[in-house]
Amino acid sequence: MADAMRVAMNDAVNRSAAKTVTGWPVSEAAAGAILTIDLGAIRENYRRLKARLGGVACAGVVKANGYGLGAAQVAAALTREGCDIFFVALLAEGIALRKAIGTGPDIYVLNGLPPGSEPEAMAAGLCAVINSGAQLKAWRAAAQRYNRPLDAVIHIDTGMHRLWLSPEEAHLLAAERGRLRGLRLALLMSHLVVSEEPNNPINGEQLSRFRNFVRTMPGAPASLANSSGIFLGPDYHFDLLRPGAALYGINPTPGRPNPMLTTVTLRARVLQVRRIDALQTVGYGAAWRSARPSRVATIALGYADGYFRTLINRTHVHLAGHKVPVIGRISMDLVTIDVTDVPEADSQPGALVEVLGPHLSADDLAEHARTNAYEVMTALGRRYARLYHDGATA
Ligand SMILES: Cc1ncc(COP(=O)(O)O)c(C=O)c1O
């Protein structure tokens, strides 16, 4: 390449690098796939959960960008239902959420604060979940340094063995309340290990460990249950529920009918339709072979969009009322489907196939991909055009 041309290209690259790309605000026409998020359904799911709680408060878990659906949009929608406590995982998520929803709602940072980040958390008005003695010390020190009482959540372990204060550390706190000086005890919390299995005895064991701890700290509000925990019954409800999955339509009662509404539809565009003879292979690895002369449609979706490679020859999409098998390997940006049995008029380039939605839930797709619906939702890609609706849904 001529030097002059190389210099000109570098200049162009540098000029475009100076631009700040803040999102992916593509039109429906420009995107390969369209993700429609029904905020009305998320609000209805919140109301359905609330209806089971006999007046107990209900937070919204919006970590991982609202399970992939947009933490800011989801939290704003839930605020309309009276939800005023949100849980995120990371301090960075908390800061972004505070900017998006403003002052008012409480935001709790589940992973705790990284050492030295306390002033940032204070500036954003966030509440630290305390998962260790060191975090407790640092949060107390911040309260003293700025001479301001700070909200703290004490997270104790009852069986998860992930992030926690050990029962011994927690009991020490209960015995010597001075260790909490400068802090306002906003919540005592623990997390269930197998709440989606109502008959698993671990639930009862965790409940009794948590109860014992809560008794040692009278007056402090307590929270144990996530989405599935809500369905274990009122014994598990305490003072605050922390659902995430159920708000987004993931079934909190696996093996039983889903009491929640679907909240997402993902539609991908047909790019091309071709005829192939019998005994032809399709895609990388020649992993599918036609048993008959076939019509193959290629759609604009791939593993780079969170459509897992494990879906190879194991799932289907819906097109104009037809269930259409996904064939061959999932590529980075392309998926092939067998439209031999779909009328040609319905399977033209430009048609939209339903990948996820009323006909195939995130739970179904997860089963096909040998994972869970949480992973399906949080992997939802960044290349989609995202449409938010917030109509009344009942
Ligand atoms: C501590 C904690 N509470 C609540 C939740 C929400 O759980 P779910 O999405 O199952 O309702 C999570 C999610 O993983 C969590 O880590």
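1. Basis of the model. The structure is a predicted model, in which local features need pLDDT of at least 70, side-chain atom pairs count only at pLDDT 80 or more, and totals for chains, interfaces and linings use all residues. Residues are numbered from 1 along each chain as its sequence is written, and side-chain values use heavy atoms, with hydrogens and water left out.

2. Surroundings of the ligand. The ligand is surrounded by 14 residues, of which Lys 63, Tyr 67, Ser 227, Ala 245 and Tyr 374 are the closest; a residue counts as near if one of its heavy atoms lies within 4 Å. This shell comprises seven nonpolar, four polar and three charged residues.

3. Oxygen atoms of the ligand lie 2.8 Å from a side-chain N or O atom of Lys 63, 3.0 Å from a side-chain N or O atom of Asn 226 and 2.8 Å from a polar backbone atom of Ala 245 (a polar contact is a pair of N or O atoms within 3.5 Å). Of the 390 Å² that the ligand exposes when taken alone, the protein buries 91% (Shrake-Rupley method, 1.4 Å probe).

4. A pocket is an open set of points on a 1 Å grid over the protein atoms alone, where a 1.4 Å probe fits, with protein on both sides within 12 Å along at least five of seven lines; lining residues have an atom within 4 Å of a point. The volume of the largest pocket is about 910 Å³. Its lining consists of 38 residues, and Tyr 67, His 191, Asn 226, Ala 245 and Tyr 374 are the closest to the pocket centre.

5. Composition of the lining. By class, 17 nonpolar, 13 polar and eight charged residues line the largest pocket. At least two lining residues come from each of helix 3 (63-67), helix 10 (227-230), helix 11 (362-369) and helix 12 (373-378); helices are DSSP runs (H or I) of at least four residues, and strands (E) of at least two.

6. Backbone angles. Phe 238, although not a glycine, has a positive phi of about 50°, and lies in the loop between helix 10 and strand 10 (240-241). Arg 370, in the loop between helix 11 and helix 12, also has a positive phi, near 60°.

Note on methods. Polar contact = N/O pair within 3.5 Å; in protein donor to acceptor, adjacent residues only side chain to side chain. Nonpolar A, V, L, I, M, F, W, Y, C, P; charged D, E, K, R; others polar. Points joined across faces, edges and corners; volume = space filled by probe spheres on them.
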